[in-house]
Amino acid sequence: MTTAGLSPVEAFALVGVIGVGAQWVAWRLQMPAIVLMLLAGLIIGPLTGVFIPARDIGDLVGPMISVAVAVILFEGGLTLSLHALQDAAKGVRRLVVIGAPLGWLTSALAVYYGAGLGWEASAVFGGIMIVTGPTVIAPLLRQARLSRRPAALLQWEAIVNDPVGALAAVLAFGAVQVLATSADKSDAATHFFIGIFFATLVGLLAGYGISYAFRRAVVPEYMKIPVLFAVLLAAFALSDRLLHESGLLAVTVMGIVIANAQLPSYEELRRFKEHATTLLVSGVFILLAAGLDMDALLGLDLRALLFVALVVLVARPLTVMVALLGTDLPVRERILVAFTGPRGVVLMAVAGLFGERLLSLGIADGATIGPLAFALVAATVVINGFGLTPLASVLGLRAAEVPGVLLVGGTRLTTGLGAALQKAEIPVLITDMNLGHLRHARTAGLPVFYGDILSEAAETKVEFIGFSTILAATDNDSYNTLVATDLAPEFGRDKVWQLPRDKSESQRHSLPVTLGGRRLGDGRTYYAYEELMAEGWTVRTTKLTEEYGFDDWRKDRPDSVLLCVIPAKGNLRFVAIDSKKVPEAGAKLIALSPPKGDVI
């Protein structure tokens, strides 16, 4: 089926709707988003002909993909805060310094002997395959809920190797270009290395320039994002002008410099870039999948299957095991990292670009790189998307089988609530900046963290990925609001709670809805809860049955304050002031009750 084609505006709208829609459906179904995006791109592209990028957008496809990949790589560099590596630093260093060159070699051999491509295409494609896909790793880690160290290894390897893979491809292509052209080879090589040096210099200058301007308030707050984008595009274009694809190196270096500049507005910049990257990843995947040549895809034979098997079962495990040899990492962590190597948007995009570059040099194998990249991305995403969680469970490397609750504030209420949750086999962690406030929690045998939950120490010592819900319940309303506001974008606003603020009903003291978290309970404040606890009220757990339902519980305990519900199936949910949802049979109720009656 074919159509007369779409206008550019219609094409952009379709790409946006399909790309973001695929990510939303994947979130609802708890599936890897890239699988649905690739499928959607194939359906609207080569399978039905509704959207053909070359026909509907024309010459803009290449530049659009190049700029999108540049922004994605910049965002990857922007997340590379060196102090956050901590105990994974040695492993990441080895995976980059030893693993990247070895991965280049083993991947190139897999392409040469598995797919049967020539040495030129194998060298270029092997370099690209160093990239393990940070845009794919991040959602997989959230879904699998890995413990901190293997998660950090996979995350930072993907981030650091993103530009390394692009640089390897640039190096390999430069060598191929020098050998394939009749121009003076020494001049071409000199031009190539000058281009690499220039790209690095441009990235450093752009990064330090932005950092200086933002720190000294040379740029007003409302212009920071536009200025950042303008400098990013300028750095990419300037570097790319001297040497093709070196702009990817420049923007990555720029992102790394800004990430480590300790800017006050860093979080806002990073979150905005994450949102932009989500849109760009969706668009690029749809464009690449829709632009694939169906004949080339159908032309893939058993050698393509052999190539994918060699990469997944030989090249990746061998590279990781050799790179981590002699480290103090447990064998099970090495195994997990070795068999987790999903490829993503950067691989497909860069492979498509360099495939065209090889074709322009007269190397026919360049036409096969795109379909092979698609096959590798699809295979690795499906394998890791559906296999990472079971593998991590078998190896005992999941942070928590059940999403936990983070309780901020060492109080009588959080200690009682934490004990009840722990008894229900839900992981908890109580944090407080005052060591004395944690005394009751430690006595009750509850896990604690002494320090500010918003501090850099908490980022490296608290396994945030093991928790899905936060309750800010300190004696400081302002701090509770700060915690809830700061962590809401990370956890989701529906998962961040705080105790109602004192005088919050007063117009003078009420805050806008953009600040703070959801209000817990029936409107009682911290001091009201503490007064009840001092009078002997305790946190009690009641299990509902078919015979003893919620109405029966409420009749027996009319004064009890319902705090949270643990459904028979599904995750824990706190109870909001205006909640009208009635718990079903099989659920456990956790409530603050007067000093009478027994736990059912």
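Biologist: Which residue in strand 10 is the bridge partner of V561?

Modeller: This is a predicted model. Strand 8, residues 561-566, pairs with strand 10, residues 588-593, in the antiparallel sense over five bridges. In strand 10, V561 has as its bridge partner L592.

Biologist: How many salt bridges does a search of the whole structure find?

Modeller: One of them joins D56 and R55, with the closest N and O atoms 2.8 Å apart. Another is formed by the side chains of E221 and K224, at 3.1 Å from N to O. The search of the whole structure gives a total of four.

Biologist: Is E157 buried or exposed?

Modeller: Leaving out residues up to four places away in sequence, E157 touches V92, L95, T132, A152 and R316. R316 counts as buried at 9% relative accessibility. For E157 the relative accessible area is 3%, and because buried means under 20%, E157 is buried.

Biologist: What is the relative accessibility of R55, the salt-bridge partner of D56?

Modeller: D56 is buried, with a relative accessible area of 4%. R55 falls in another class, partly exposed. Its relative accessibility is 36%.

Biologist: Over the ring of which residue does the charged end of K224 sit?

Modeller: K224 is buried, with a relative accessible area of 8%. Its salt-bridge partner E221 is exposed, with a relative accessible area of 55%. The charged end of K224 sits 5.4 Å from the centre of a ring, and that ring belongs to F214.

Biologist: What kind of aromatic pair do F125 and F307 form?

Modeller: The structure holds five aromatic pairs, and this is one of them. The ring centres are 5.9 Å apart, with 35° between the planes. Planes under 30 degrees apart would count as stacked and those over 60 as edge-to-face, so the pair falls in the remaining class. It is tilted.

Biologist: How many residues apart in sequence are the parts tied together by F125 and F307?

Modeller: F125 and F307 are both buried. F125 lies in helix 7 (residues 119-128) and F307 in helix 15 (residues 302-323), so the pair ties together parts of the chain whose separation in sequence is 182 residues.

Biologist: What distance separates the C-alpha atoms of I128 and A373?

Modeller: I128 is in helix 7 and is buried, with a relative accessible area of 1%. Not counting residues up to four places away in sequence, I128 touches G165, A169, L347, V350, A351 and F354. A373 is 245 residues from I128 along the chain, yet their C-alpha atoms are separated by 9.5 Å.

Biologist: Where is T411, and which residues does T411 touch?

Modeller: T411 lies in the loop between strand 1 (404-408) and helix 19 (412-423). At 8% relative accessibility, T411 counts as buried. Beyond residues up to four places away in sequence, T411 touches H437, A473, Y526 and E530.

Biologist: What is the phi of A217?

Modeller: Most residues other than glycine have a negative phi. A217 lies in the loop between helix 10 (185-215) and helix 11 (224-242), and is exposed, with a relative accessible area of 60%. A217 is not a glycine, but its phi is positive, at about 60°.

Biologist: What value is the phi of E425 near?

Modeller: E425 is found in the loop between helix 19 and strand 2 (428-432). At 67% relative accessibility, E425 counts as exposed. E425 is a residue other than glycine with a positive phi, near 65°.

Terms used. Residues are numbered from 1 along each chain as its sequence is written. This is a predicted model: local features need pLDDT of at least 70, side-chain atom pairs count only at pLDDT 80 or more; totals for chains, interfaces and linings use all residues. Side-chain values use heavy atoms; hydrogens and water are left out. Rings of Phe, Tyr and Trp (its six-membered ring) pair if their centres lie within 6.5 Å; planes under 30 degrees apart count as stacked, over 60 as edge-to-face and the rest as tilted. Helices (H or I, at least four residues) and strands (E, at least two) are DSSP runs, numbered from the N terminus. Buried means under 20% relative accessible area, exposed over 50%, partly exposed in between (1.4 Å probe, protein chains only). A charge sits over a ring if NZ of Lys or CZ of Arg is within 6 Å of the ring centre and within 35 degrees of the ring normal. Contact means heavy atoms within 4.5 Å. Two strands pair if DSSP finds at least two bridges between them.
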